[in-house]
Amino acid sequence: MKYILIVIALCWASLSFSQTKFKIQGTLVAEQDSIPLESATVYLETPKDSTLVTYTITDREGKFTLEDRVYVDKLRLIISLVGFETYNQEISLNKENINLGKIFMLEANMLDEVIIKSRAPITVKKDTLEFNVASFKTKKDANVEDLLKELPGVEVDDEGKILVNGKEVNKILVNGKPFFGDDPTITTRNLTKEIIEKVQITDTKSKSEGFTGEQGDSENKTINLTIKEENNKGVFGRLAAGAGTDERYEYAGMVNIFDNEQRISVLAGGNNINSAGFSFGEIRKMFGGANSISFDGGNGSFTIDGRSFGGGQGITRSNTAGVNYADELKKGVDISTDYFYSGSHSDNATSTQRENFLPDSRYFTNSNSSSQADTDAHTVNLGFDVEVDSTLLMNFDPNFRYSRASTTFQRQEESLDENFDLTNQSFTDSYVENIGKNFSNELQVTKKFGSKGSFLRLQMNLDINSTESDDFLYSETDVFGDNPSQLIRDQFADSERSNNHQSSNITYRIPIVDKKWFVDLWYNYDLRKQENRESTFDFNETTQAYDQFNFDLSTDFTSKSDISTPGMKLVYTTEKMNFNVRAGYAFRTIQNRDALRPGLNLKRDFELPEFSTGFNYRFNPKMSLYFDYNYSNRTPEISQLQPFQNVSDPLNTITGNPDLRPIQEHRAYLGFNKFDFQKGTGFYLYANGGLTNDQVVSKTTINENFVRNTTYENVDGAYYGYIGASYSKDFKVDSLQTVKARVGFNSNINRSINFNNGVRYASKSLLFTPTMSLTYTWKKLFEIRPNYRLSFNTTTYDLDNLEDRKFLRHNLGIRTATFFPKRLEWRNDINYTYNPNVADGFQKSSWFWNSTLAYSILQDKGAITFKVYDLLNQNTNAQRTATQNFIQDQQSTVLEQYFMLSFSWKFNSLGKKGETGDGGVFYFD
């Protein structure tokens, strides 16, 4: 071993000494007027094979610096900027520091510029950052997610979440069109890098905002992947399947047919390893964290009468299928549609221990529950975009959804006083069938006037939801003490619920100063109607049927809310800054009708002001600052206002309060980010906070047998604050070795007002979480990524009988990957968790280790994979939760150790635009 390390060290030293170190500086100016040119792309490539060496972007003074180490003695300098001719210069590296002085750029002939394709790795076009895919090296079979990880300022986590300069990507397009709905991982994990030409990143905009040229959502980003022209016609896709121990399995397949502007994609997949959604179980992302994964199979997670049903927690068997179609029917008329089916079956068991605090005492509750849930859901999304002419755009986006779910649920619960004497206990057994139907539609019509930015936009939204359920419930509740009692329920409930929502908005923009200052006059109308009819019947021992109507547990309830809000918005926009002030005044009426209890009918009128302001300032392409403030009012929920006594839970009676006032909220957000592509540094800081007055909180009183009575009350003084920061730095040791270091933290403070057995009190919680991570990569050999997170949580109370709480949690992770010998890839994902504060009987620490070995075959078009889930067989999801009134420890079913062998294969017959290819025969390139 000692000799091996010596050899590695000598090789490393020899590689370092054989390289030429350089630093090249210069200043870019326009030849016509010598004005400094900002945001030009400056890059170096080898003259022999045009391999990219390094690159940067000029600052606002036109200056640039390029630093690196190379094995050659000459490099080609290329400078690219939209509107100017491309600059080329060959540079001899005969000295380490080279100052090129001023470089004069010639304005381009725009007619010639149309046919020029830039090879620049990065191009800045106003509000768009564009990456040339050919400039970024990845492994041969890389997908889009692998590509994104190589782009400067782009981060992708293990769940597929993408950040660009610290801002989340919430939309991914392919040639400007959606690709399989809103799940970006279907695009990033299943499209290959080889078909992509450009990656374009912009602020997220609606179709109408893009049409009018308005400022988009500066807090979120959109990625558009442009397909190479020669890859616009053909068929490509991949298939995968695997089988393992304990009858574990997974399968997935996807076929894409591109025919110029027309795209058709079909996918299907399934597994019983808690991998929700659709993926190929790829070796670096087929596992989640150490905890069990929750799957939403479509209206499969719901709550009835206070009982929560899992709909996919625990161990889940899921199936997914879908088809996507996109086309340009004719010039200016685009269509995009997709269909999804998702189904799941899950089994889960949960054990919970809770310590509850009262002003003068405490008590304990223990519960054990189990559930089995089946869900099936069908979803259809459509999108029609019609650009009638250059001034008129219409967007029509309907959505349909149908789902069925059934759940069996059992729970045993007991309460004990502080002497651990039993005070009450209950047993619940239920079976629920649920059918959900949904239709929604969004219609936008946008008309532009003149060339100064004036427009008129009409937007209408419709959302219709209905749910039908059959609920069979058997429960036994025993209360002990001086007045013991027993309540047995054997019931059937037939319910129909609907929630219909209509909203419309009209906005007219008036330009004040040409393309800079605008005034928006707007009006919103919002109408929501909710209906809930539930008929409960007790079991009749005489007739042996559920035919005894239970008035107390039945309802026939309708609520209605309508809001009219006129308002005005002032907008200022330039290339560097966007600022707006928005104000409105809402007139709201809420009313409810209870057909079974006419005396509880209610009608309330509210007048609520609204105000918001925000700005976004871009110092340069590498640095920006943004701020938002919002003041709003919310009315309480109708269930909180209705003075109806809900006795569905024998241990907790809930009654509404018709005298509740509107909730007043102040919220502010501040963010700053700075990323330097050349230096490989990134920093972002974000903070937000809020103050709430007249917040609606629960007010619960508990009797001597720990039976609860709950109502609602307004309170003042609640606030929250959050701050987080992250700094990253890339170090390029040489052309083969790189190191990326990251340190960061997030912290939040929260003050809430609550009641403890009717006594008002305030609690303040503080969370501080420092994090650090390191990534060391030796290209084509190996990669190691250690990370560590420490969480401190402190909660204090202003009630003497409530003890202050402190919690600590450690998380350590190590990821490794080796890429030798050739075609063999070995990856490990190791996580250690230590939670010293969980109660006795729950696991305090655990190691979680996943390992995968993959071997490429069929000219890298196929792969055989062997993976081990939870190698040490220690998976756990024990959690401790602390609130104002209790401390809870909970543990539920998790996926346990298994071994799996799988095979994947991809195919590709893409041809040039307009061509038919080689008779439709698949070939491997």
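Start with Lys 822, which sits in the loop between strand S44 (805-818) and strand S45 (824-834); strands here are DSSP runs of E with at least two residues, helices are runs of H or I with at least four, and both are numbered from the N terminus. Keep in mind that this is a predicted model, where local features need pLDDT of at least 70, side-chain atom pairs count only at pLDDT 80 or more, and totals for chains, interfaces and linings use all residues. Residues are numbered from 1 along each chain as its sequence is written, and side-chain values use heavy atoms, with hydrogens and water left out.

Is Lys 822 buried or exposed? It counts as exposed because its relative accessibility is 68%, and the cut-offs are under 20% relative accessible area for buried, over 50% for exposed and partly exposed in between (1.4 Å probe, protein chains only).

Now hop over to Met 460, in strand S26. Met 460 has a relative accessible area of 42%, so it's partly exposed. Strand S26 covers residues 454-479.

Stepping back, the protein has 6 helices and 50 strands. Of its 925 residues, 46% count as buried. As for contacts (heavy atoms within 4.5 Å), take those with a separation of 6 or more: 64% of them are between residues 24 or more positions apart.
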